[in-house]
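Biologist: I am new to reading structures. Could you take me through one, feature by feature?

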Protein chains: 2
Amino acid sequence: MIKWNNLDTLETFKAVEACKGSVKLAEVMAGENGANRVKNYSVPMAEGLNYNYAAKEVDDALLEKLAAFAEEAQLVEKFEELYNGAMINTGEQRLVLHQMTRGQLGNPVEADGVDKRTFYVNEQNRIAEFAKKVHAGEITNAAGEKFTTVVQIGIGGSDLGPRAMYLALENWAKVNNTFKMEAKFISNVDPDDAAAVLNSIDVAHSMFVLVSKSGTTLETLTNEAFVKDALKKAGLDASKHMIAVTSETSPLAKSDDYLTAFFMDDYIGGRFSSTSGVGGAVLSLAFGPDVFARFLDGAAVADKTATIKDIKKNPALLDALIGVYERNVLGYQATAVLPYSQALSRFPAHLQQLDMESNGKSVNRFGDPINYVTGPLLFGEPGTNGQHSFYQLLHQGTNIVPLQFIGFKNNQIGTDVNIKGSTSQQKLDANVAAQIVAFACGKADDNKNKNFEGGRPSSIIIGEQLNPETLGALLAHFENKVMFQGFAWNINSFDQEGVQLGKKLATQVLAHETEGALSVYSELLNI
Amino acid sequence: MIKWNNLDTLETFKAVEACKGSVKLAEVMAGENGANRVKNYSVPMAEGLNYNYAAKEVDDALLEKLAAFAEEAQLVEKFEELYNGAMINTGEQRLVLHQMTRGQLGNPVEADGVDKRTFYVNEQNRIAEFAKKVHAGEITNAAGEKFTTVVQIGIGGSDLGPRAMYLALENWAKVNNTFKMEAKFISNVDPDDAAAVLNSIDVAHSMFVLVSKSGTTLETLTNEAFVKDALKKAGLDASKHMIAVTSETSPLAKSDDYLTAFFMDDYIGGRFSSTSGVGGAVLSLAFGPDVFARFLDGAAVADKTATIKDIKKNPALLDALIGVYERNVLGYQATAVLPYSQALSRFPAHLQQLDMESNGKSVNRFGDPINYVTGPLLFGEPGTNGQHSFYQLLHQGTNIVPLQFIGFKNNQIGTDVNIKGSTSQQKLDANVAAQIVAFACGKADDNKNKNFEGGRPSSIIIGEQLNPETLGALLAHFENKVMFQGFAWNINSFDQEGVQLGKKLATQVLAHETEGALSVYSELLNI
């Protein structure tokens, strides 16, 4: 029997709260004890990744309390409910099935009269077939020439995840001879976004992927019109250059405006849709369907790992629990994601949506106000760039920001130079190792301007190399972490009512149906 | 007589603290009163921009207290000290002269035996001459062919500012026929960064700009070696493809490895160096020196505006004061920068460094610990993309995040479509207007999941168009805001001791001189 209770009603959470401040990071990370922590506080993840939490403010005693809390809060059982098809998205009265795009974790789930795993696999197969025909030159432009570029038109989850995944694998695919087509992305309703992308490509050889689940997203439909206008001016038939990824019930589903349409459904939220057709079409066109399938495999293994009840064997759950402790007990307000990999340059932007849109909520899953803080602010840039930017505040600022590092032993392209006895890759990794210890341990200095207090917690995910499998595992890790945190906070991580009011007011502005402050702002902006 | 006192010792600041919570934003922004606020709470900025703070939690009474505080804290007088050449950077015992790269605000300042304004102007002129020769084909590659691409090699302030400025003007320059050369940027020590950029360009026609003030930045010198290696492999003479921007005392200054070197000095911090040769070389090569000069003009006008003592006529000062009130009285921990302009896609990343590296400090300018919070976390993405990402948390999350919007009446490229009665530009601007009101006023709903409490403060900077002048003004506005906040907190905004410990430990890792936790992390990362 699943009980959906608020965080502050759970006895085991009171025991977690009682541990507040029990671990002094600078102390426990010093000397031999610190070395042992780094060896022991490590959890294997999917695809050879490891989650190392030695530099977090936890110890065995606290971990026991967190385990008890996870049990009382039934976090893994709630995940079971989710993948077995319970109505987890209470706000919108929907199932939550994004994991099913990459595997069948529990019982078959039927909805809308079909088995959903079969439905998702079928769409993946359709996309794979389509992509292969494009790559083989069986589907061409009107002049019979091959398409060379794919352009995704979408916003939010239809943009950030797929874009981050594309950038993460672009160089890997080039090196591994699976690079098929360059991908570009149009998202902002700022007309300069679409215009700049169109100016940078050869439209006659470009395939456009229009992505909107509802088929009504204002920004995306506007950009579609923008692109169609450009194609028309270039003397091209837009319907021969465009496919749609949408739901079967959307106005785009059966339209002659597209070469074909691929389907997702209401059970996959935008920010969880990278492994659905939303990511599948553009990534299969860019890198080939086999690469996309390997990406799904990595995600599937990570999902499987997230079903384990032992928190020391379930990195997503452990990561989630430590985050809740940091947020609700230690009072930290933000998290920085710092991948030491240039290929992950936009991964923090994707996680920013994933985390903040899922868990930036003030009511529980039944719509009742709650009395504790929920999702943190999330931001980040790749190291070492971040080191030369905002790390000053992270080291010596007046608020503590927990850090999530990501590092790989090997780069993707394989070109390197040895300068002063080390390669660039070694320098990169030396920096992330150094930062973890600098943040945790600090260094006393009589000159207080050069003093480092330490006590600044971080974790690191370490892998051999960023490739389709490890990227899938990384993506699913964070999806599952966010889900577990939502369960812990007893909120609905799968709706986003907070975006509605702005949309509604923008419509009023465009209809010139405004008064008061909004009317004056509209005048000032010359609308 | 200038008095450098901590914030919490000033009587006028206690009066500001007494105003805590006196303005209920949702109430004051409603109805006719709200409309009047939007009309009246607006300050003209340089180059036709306007800073509108109607949706901030201030009123006339609080503004009076802030003005009194600005006076007691001598904020404008401290700026006068700065531009007249006082030793403001106490930590490093240096003058702070970045404003002088764009004008002479006060007395002539002599340092290192030269008049600094003359020195900066001279370097600008040298860069302009050089860029003109490159554009005219008077300086070519060894085959006598014109350079078509410029690649900046730098990190931190040598990367983020120049890159953000380049992206901000790239499309503007193309439309206005001042686009001369494409620019690329190599920054991360991750070898995949340099390799990917080199793979994307025609190295035989590329000019590299190596930027390091000290001439010792590890990442930058490593990337220089990486590039030289690639040029050598391509049979090219690196010294004919590379210029340096550095200080006169650096090892790069007189080296035969470069076609020429342009100089800056220790009085310009990296994050304040976009208007020096650090931004000047790459931007003058990309867009022509006249465009760079217009950019400097915009910054100079903004600097001039920042010398005004009346807070209602000095937008940088007012912005700074409201920020201090939000941070130290209302307790807000972060700021989101949300430009409704795709061209400003990396402007938030630049401001992130500018703000967090300058003011993320825990000691005052004399090195004594302080008892109040300083610089906020800063993050942001362009609207409308952000709306479909993290705005959920901003609207309905459990912490309030003050917002800094930026909007323009016109786009840069000028291509647009009219869909459902409005252009994309109008939709873009309708969204930013709607968001301000949605955040401030909220909207009550019996369904608490659809309820918006409002009371979430924002300001907006509105301009006609993003062009060289307005970009310069925008940049200088934020530089001056950060400076005024540093003065208010009595900290040194111009050093960055917090980056040193990580550098030192990374060097130990590479020398294999580690023990304890650091040694185990190094093993795990295979260094």
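**Reading the model**

Modeller: Start with one strand pair. In chain B, β1(B) and strand β2 (residues 50–52) pair in the antiparallel sense, over three bridges. Keep in mind that this is a predicted model.

Biologist: Which residue in β2(B) is the bridge partner of B:P44?

Modeller: B:N50 of β2(B) is the bridge partner of B:P44.

Biologist: How many strands form the open sheet with parallel pairing in chain B?

Modeller: Five strands form that open sheet, in the order β6-β5-β7-β8-β9 (chain B). Its edge strands are β6 (182–186) and β9 (261–264) of chain B, and each pairs on one side only.

Biologist: How many bridges join β8 to β9(B)?

Modeller: Four bridges join strand β8 (residues 242–247) of chain B to β9(B), and the two run parallel. Take one pair: B:V245 has B:F262 in β9(B) as its bridge partner.

Biologist: Which helix of chain B packs on the sheet?

Modeller: Helix α10 (residues 277–287) of chain B packs on the sheet. It touches β5 (149–153), β6, β7 (206–211), β8 and β9 of chain B. The direction of α10 makes about 140° with that of β9(B).

Biologist: Now a single residue. Is B:F13 buried or exposed?

Modeller: Count the neighbours. A residue is buried if 20 or more other C-beta atoms lie within 10 Å of its own. B:F13 has 25 other C-beta atoms within 10 Å, so B:F13 is buried. B:F13 lies in helix α1 (residues 11–17) of chain B. Leaving out residues up to four places away in sequence, B:F13 touches B:L7, B:D8 and B:F69.

Biologist: Next, domains. What does the domain assignment of chain A give?

Modeller: A domain can be written as separate stretches of sequence. The assignment of chain A gives domain 1 (7–97 + 313–496), domain 2 (102–296) and domain 3 (497–527). The centres of domain 1 and domain 2 of chain A, taken over C-alpha atoms, are separated by 31 Å. In chain A, 31 residues of domain 1 are in contact with 30 residues of domain 2. On the domain 1 side, α13(A) gives the largest share, seven residues. The residues of that side divide into 15 nonpolar, ten polar and six charged.

Biologist: How many residues of chain B are in contact with chain A?

Modeller: 125 residues of chain B are in contact with 124 residues of chain A. Helix α15 (residues 424–441) of chain B gives the most to the chain B side, with 14 residues. That side divides into 54 nonpolar, 51 polar and 20 charged residues.

How values were computed: Residues numbered from 1 in each chain as written. Chains lettered and ligands numbered in written order. Predicted model: local features only at pLDDT ≥ 70, side-chain atom pairs only at ≥ 80, totals over all residues. Domains from an automatic or database assignment. Contact = placed C-beta atoms within 7 Å. Nonpolar A, V, L, I, M, F, W, Y, C, P; charged D, E, K, R; others polar. Buried ≥ 20, exposed ≤ 12 C-beta atoms within 10 Å, placed from the backbone. Pairing = 2+ DSSP bridges. Axes fitted to C-alpha atoms, helices over the stretch in contact; angles between N-to-C directions.
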